[in-house]
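Student: I would like to learn how to read features off a model. Can we go through one together?

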Amino acid sequence: MIEKFESADFIDEFGVDLRKPLYPQVAALGDRYFDWVHTPIRKTTIAKLKEWDQGRWPGSVRIFEQEWLEVMTHIPWQLVLAIWVPIVLGLAGLARFWQGMSWGSLAGFWLLGILVWTLVEYLLHRYGFHTPTSSAAGNKAHFLAHGIHHYDPFDGTRLLFPPLGGLGIAALIYLGFYLMMPLDVSLILMAGLLTGYLLYDGSHYISHHGKVVDPWFRFLHRYHKAHHHRDPDALFGVSSPLWDRIFRTGSSQF
């Protein structure tokens, strides 16, 4: 099967060999990294990779040499729901039945938490994921956090943040809430923020791989597709265009 392909089929114009793990290679790209990572892999190349290596994840580019690390980069959406939905319900339950928060306050702070998430999502996407890097360490960190998604937006197993890392980040955010506000408010605000995160993950997955029927999701699909394929330096909102409009990073098309 391998003999029918030539090296040129898998080595791109930046000299990156797609048959080899990408994590070590991005370090050597230097200031060419941002141009490379925003030049998405072609679907024809993915088809060749799928035929060349029919392993556990056919058609996926390999990130790590170590199998145990590679496994952690492929996240099924069912796992995200299984982990985060019980946590959201548990936090809300503690605020209501342990701390005695009223239903009205519960709903209000839950919605506020979702709104806070949309701002976190925008700022993280705009400044954390789209600030150019050229150092070896910066290229590697960006590639793991967001670059792999821009380079290969067609891979449905690499749209979602690894839950282990997400749990650590969520714990730090909750600690900040806990230190700054009453316990009941910190619990339900965190539940709202994590609900916003789930809405983000869900809308992001649907934008790329779902059957887009609902008008709102059709809009988000077009909006996010434009970010990937037309203007990666704008349209940073994934679950909502709200902050793009406030900070004027949207587009006249929308």
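Student: Does Arg-62 count as buried, partly exposed or exposed?

Tutor: This is a predicted model, so read every value as computed from it. Buried means under 20% relative accessible area, and exposed means over 50%. Arg-62 has 25% relative accessibility, so Arg-62 counts as partly exposed.

Student: Which side chain meets that of Arg-62 in a salt bridge?

Tutor: Start with the general idea. Side chains of opposite charge can pair when their charged atoms come close. Here the partner is Glu-67, at 2.8 Å from N to O. Glu-67 counts as partly exposed, because its relative accessibility is 38%.

Student: How many salt bridges does the count come to?

Tutor: The count comes to four salt bridges. One of them joins the side chains of Asp-17 and Arg-19, 2.9 Å from N to O.

Student: Is Asp-17 buried or exposed?

Tutor: Asp-17 is buried, with a relative accessible area of 7%. Arg-19 counts as partly exposed, at 29% relative accessibility.

Student: What does Arg-158 form a salt bridge with?

Tutor: With Glu-70; the closest N and O atoms are 2.6 Å apart. This pair links distant parts of the chain, 88 residues apart. Arg-158 sits in the loop between H7 and helix H8 (163-180), while Glu-70 sits in helix H4 (residues 67-71). Both Arg-158 and Glu-70 are buried. Now look for shared partners. Salt bridges that share partners join Glu-70, Asp-155 and Arg-158 into one network.

Student: Now helices. Why does the length of H10 agree with what it should span?

Tutor: Compare the expected span with the distance between the end C-alpha atoms. H10 has 15 residues, so at 1.5 Å a residue it should span 21 Å; its end C-alpha atoms are 21 Å apart, which agrees.

Student: How far does helix H5 reach from its first C-alpha to its last?

Tutor: Helix H5 (residues 77-98) reaches 31 Å with its 22 residues. That is close to the 32 Å expected at 1.5 Å a residue. Then check what comes after the helix. H5 is followed by Gly-100, whose phi is positive, near 75°.

Student: Which residues in H5 are buried?

Tutor: Val-80, Trp-84, Val-88, Leu-91, Ala-92 and Ala-95 are buried. Next, ask what covers them. The cover includes H6, H8 and H9.

Student: And which residues are buried in H10?

Tutor: Phe-219, Leu-220, Tyr-223, His-224, Ala-226, His-227 and His-228. Their cover includes H6, helix H7 (136-151), helix H9 (183-209) and H11.

Student: What caps the N-terminal end of H10?

Tutor: Look for a side chain that reaches a backbone nitrogen. Asp-214 is the cap here: one of its side-chain oxygens lies 2.9 Å from the backbone nitrogen of Trp-216.

Student: Where is His-228, and what does it touch?

Tutor: His-228 lies in helix H10 (residues 215-229). Leaving out residues up to four places away in sequence, His-228 touches His-149, His-150, Pro-153 and His-208. His-228 is buried, at 7% relative accessible area. Its side chain makes a polar contact of 2.9 Å with the side chain of His-149. Another polar contact, of 3.1 Å, runs from the side chain of His-228 to that of His-224.

Student: How far apart are Gly-30 and Ser-134 in sequence and in space?

Tutor: Compare the two separations. Gly-30 and Ser-134 are 104 residues apart in sequence, yet 4.5 Å apart in space, C-alpha to C-alpha. Gly-30 is in the loop between helix H1 (22-27) and helix H2 (33-37). Gly-30 is buried, with a relative accessible area of 18%. Beyond four places in sequence, Gly-30 touches Thr-133, Ser-134 and Asn-139.

Student: Which residues form a nonpolar patch on the surface?

Tutor: Look for nonpolar residues grouped on the surface. Leu-112, Leu-115, Leu-242, Ile-246 and Phe-247 form such a patch, with about 410 Å² of accessible area together. Helix H6 (103-128) and helix H11 (242-246) each supply at least two residues of this patch. Take Ile-246, which is found in helix H11. Ile-246 is partly exposed, with a relative accessible area of 46%.

Methods:
Residues numbered from 1 in each chain as written. Predicted model: local features only at pLDDT ≥ 70, side-chain atom pairs only at ≥ 80, totals over all residues. Heavy atoms only, no water. Helix = DSSP H or I, 4+ residues; strand = E, 2+ residues; numbered from the N terminus. Buried < 20%, exposed > 50% of the residue type's maximum accessible area, 1.4 Å probe, protein only. Polar contact = N/O pair within 3.5 Å; in protein donor to acceptor, adjacent residues only side chain to side chain. Contact = heavy atoms within 4.5 Å. Patch = residues over 30% accessible without salt bridge, like charges linked within 9 Å, V, L, I, M, F, W, Y side chains within 5 Å. Areas by Shrake-Rupley, 256 points an atom, 1.4 Å probe, with all protein chains shown as cover. Expected span 1.5 Å × (residues − 1).
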